[in-house]
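Subject: Handover of a structure

Hello,

I am passing this structure on to you. Please look through it first; my notes on what was found follow below.

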Amino acid sequence: MEEWLSGWTWNVESISGLILLMTPFVFILLERYFPYQKGLSIFRKGFWIDFLWYTLIQSFFLKILIFDYIIAPSEVALGIDKTGYISHWPLWAIVLFFVITHDFYIYWFHRFQHSNPWFWRTHEAHHSVENVDWLAGSRSHVVEIIINQTIEFLPIFFLLDVQTAAIVVPIKALIDALWGQFIHANIDVKLGRLGYLINGPELHQWHHADHAEVYHANFSTKLALWDWMFGTIYKPGFKPRRFGVWYRFPRGWAEQHVFSIFRFKVSDWEDQGIGKQINNLRINLLNRMRPWLPKSWFADRLDGHEKYGPKPELYDRIHRTRSNSMA
Ligand SMILES: [Zn+2]
Ligand SMILES: [Zn+2]
C-alpha cells in the first residue's frame, strides 16, 4: 500500500458514508428539474419496498453474510496470500482495474440472466419497478446480490493486502452506489460522445422499459462500451411508454422472493383477504402523512407519462416493420 494511505481506512469509510447520505437529495432535486418521465412523485409506486426492504434491511444483512460468511471463510479455505499481489499499484490503478473487470463480468452475467429462464427469476424483481428513479436500482433479488458481490469483492481480498483492501472496498462500494443511482435516475440527460464509453439514464431507462425491442438490449451497467462492442445497444431517440415486466408481479419484498421460487397467482394473494390488508398497510400509512408533507410529493405518478413516448400507432408501425424484417 502507498505510504500516505496508511491510517486512511477510517476516513475513507466515513467520507463515503457521508457522500452516500447526501447524493439521494442531489438526484431527487435533479429529477424534479430535469425529469425523464414527467409527473413521477418522490414516493412513487414501490418506494417503501425499495427503500426500507431492499436498501436498508436486505443490504444490511447481505453485507454481513457476504463479507463474514462467504468471503472471509473463502480466504482461509483458499489460503490467500495476505501480502497482496497488486498492492504496490497506485490506488487509482487498483480502483480502475476492479471497476473495469467487474463491469465486464456483470455485462455478461446480466445478459445471461435475460436469456436463461432460471436466472431470469433472480433478475425479474429488478425489472418489476414501474417508475424508474434513483432508488430503483436497489431492487435486486437476494441471490443476484450474493453472486455479484461475492464475485466483485472476493478478488479484491485475493489480490490486495488487508489494509489496502479495507480502503478499496468502500471506494468500490461507493462507486457502485453512485453509478447505480445515476443510471436509474429519472433525469433527462444526454451524454453525447461520452455515451459511447459510459452508461447513463438514457440507455438504462430503456433497459427497464416493457417494450419487446429492449428485452435483450442495453445490458451495460457502468460502461456502455460493452453494449456498443457486442451489438446490444438500443437507442431509438424517443422515450419508452411502459416500464416493468409484462406479467403481474407481486408488490412486497417477501412475496417477490417467494414468487421467484414458486409461481402463484398474484391476484389471489394481493386482491383479497390478508394479502390485501398487508399491501394496503403501507399505502394507508403514507396517506396519513399526507397533511404534513408537500403536495408535490404525491403528484400523480403517471401524469403525462403517455405523452412522452411515441404515439401508439408509430410504436406499432416500428414494431411491425422490425418483426417483418426479422421474419
Ligand atoms: Zn436487466
Ligand atoms: Zn436497472
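Two residues are in contact if their C-beta atoms, placed from the backbone, lie within 7 Å. Helices (H or I, at least four residues) and strands (E, at least two) are DSSP runs, numbered from the N terminus.

This is a predicted model, in which local features need pLDDT of at least 70, side-chain atom pairs count only at pLDDT 80 or more, and totals for chains, interfaces and linings use all residues. Residues are numbered from 1 along each chain as its sequence is written, while chains are lettered from A and ligands numbered from 1 in the order in which they are written.

Overall make-up

The chain has 13 helices and zero strands. Of its 327 residues, 28% are buried; a residue counts as buried if 20 or more other C-beta atoms lie within 10 Å of its own, exposed if 12 or fewer, and partly exposed in between. Among contacts with a separation of 6 or more, 74% join residues 24 or more positions apart.

For the packing below, axes are lines fitted to C-alpha atoms, for helices over the stretch in contact, and angles run from 0 to 180 degrees between N-to-C directions. Angles under 35 degrees count as roughly parallel, over 145 as roughly antiparallel, 65 to 115 as roughly perpendicular and the rest as oblique. A crossing is left-handed if the near helix is turned anticlockwise from the far one by less than a right angle, and right-handed if clockwise. For residue classes, Ala, Val, Leu, Ile, Met, Phe, Trp, Tyr, Cys and Pro count as nonpolar, Asp, Glu, Lys and Arg as charged, and the others, Gly among them, as polar.

Helix α2 (residues 47-78) packs on α6 at about 45 degrees, with the axes 10 Å apart. That angle makes α2 oblique to α6, and α2 passes α6 in a right-handed crossing. On the α2 side, Q58, L62, I66, I70, I71, S74 and E75 meet V142, I145, I146, Q149, T150, F153, L154 and F157 of α6. By class, this contact of α2 with α6 has 10 nonpolar, four polar and one charged residues.

Helix α3 (residues 91-115) and helix α6 (residues 142-159) pack at about 155 degrees, their axes 11 Å apart. This makes α3 roughly antiparallel to α6. The crossing of α3 past α6 is right-handed. Here F98, H102, Y105, I106 and F109 of α3 meet N148, I151, E152 and I156 of α6. The contact of α3 with α6 has six nonpolar, two polar and one charged residues.

Between α6 and α7 the angle is about 155 degrees and the axes are 9 Å apart, which makes α6 roughly antiparallel to α7. F153, I156 and F157 of α6 and A165, V168, V169 and K172 of α7 make the contact. It comprises six nonpolar, no polar and one charged residues.

More on α3

In α3, the buried residues are I94, F98, H102, I106, Y107, H110 and Q113. Their cover includes α4 (117-120), α6, α7 (162-184) and α9 (225-229).

One loop residue

N218 lies in the loop between α8 (201-207) and α9. Its phi is near 55 degrees, a positive value in a residue other than glycine. N218 is buried, with 22 other C-beta atoms within 10 Å.

Regards
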